[in-house]
Amino acid sequence: NDIWSGMRSEIKKLDTSLYFITDSTGFSEEEFLRRTQAALQGGVTLLQIREKNRTTREYMSLAEKVHALALPYGVPLLIDDRLDVAMAIDAEGVHLGQSDLPIAIARRILGPDKIVGATAKTVPQALEAYEQGADYLGVGAIYPTTTKVKTVLTSTDTLRDICKAVPIAVNAIGGLNRDNIDVLQGTGIAGICVVSAIMKAADPRQAALDLRARAEQLHIL
């Protein structure tokens, strides 16, 4: 337990620059965990587990395994949608969409030390999330995505406006990969969120390294 708490105390401050969202669809648990670990080895700075179709116990079980992988790297684990799962496994935080629990309530329940992220697609949504206590925003989708979530495309102009409107980290999300992130130049984002670009890559570790290198080359991060 002391080792565990020691690892936890080394969790870095919030760095959203390379934010990886997992998707276990189509993978065995072993392969899913292998790919997640490879992404951590490749330098992702924030990890979110997103499971839309698991029971609470299945979600908890998988999240605990992912958390054990992330802790030695000092990378915070966020649970998508499910505040109860985040609390049950003592994850570093939660990410909430527009139809999930309100940010203010999540913040009140979790307290000041946990990370609360929010999805925002407009400036008013971004301002509301910030005022309610969100630590960062995910904004998109910039491109159509292959993940099984409802997507509404967001223009880079809106992304830029949101970055100007709030003082917290803003991340672009939605169909992003190393070959198309040039559209994000000059928007003012703090980082990029990816799913498939790492999860479905032949080599997830290399994909993470390449994505960061390209983002830095373009001066996006």
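## Cysteines

Let's start with Cys163, which is buried at a relative accessible area of 14%. Keep in mind that this is a predicted model. Cys193 is buried too, with a relative accessibility of 3%.

For Cys163, the nearest cysteine sulfur belongs to Cys193, 12 Å away, and Cys163 is in no disulfide.

In soluble globular proteins, nonpolar side chains tend to be buried together. Here the largest nonpolar core has 59 residues, and the members touching the most others are Ile79, Leu137, Leu184, Ile192 and Ile198. Helix H3 (residues 56-70) supplies the largest share of this core, 6 residues. Apart from it there's another core, of 8 residues, and Cys193 turns up there, along with Ile115, Tyr136 and Val195 among others.

Ile192 is worth a click in your viewer. Once you skip its neighbours within four places in sequence, Ile192 has contacts that include Leu18, Tyr19, Ala172, Leu176, Ile181, Leu184, Leu211, Ala215 and Leu221. Thr16, Ser17 and Asn171 are also in contact with Ile192.

## A patch on the surface

Which residues form a nonpolar patch on the surface? They're Met87, Leu101 and Ile109, with about 250 Å² of accessible area together. Leu101 sits in the loop between strand S4 (93-96) and helix H5 (103-110). Its relative accessibility is 32%, so Leu101 counts as partly exposed.

Key: Residues numbered from 1 in each chain as written. Predicted model: local features only at pLDDT ≥ 70, side-chain atom pairs only at ≥ 80, totals over all residues. Heavy atoms only, no water. Patch = residues over 30% accessible without salt bridge, like charges linked within 9 Å, V, L, I, M, F, W, Y side chains within 5 Å. Areas by Shrake-Rupley, 256 points an atom, 1.4 Å probe, with all protein chains shown as cover. Salt bridge = Lys/Arg side-chain N within 4 Å of Asp/Glu carboxyl O. Helix = DSSP H or I, 4+ residues; strand = E, 2+ residues; numbered from the N terminus. Buried < 20%, exposed > 50% of the residue type's maximum accessible area, 1.4 Å probe, protein only. Core = buried A, V, L, I, M, F, W, Y, C linked by side-chain atoms within 4.5 Å. Contact = heavy atoms within 4.5 Å. Disulfide = S-S within 2.5 Å.
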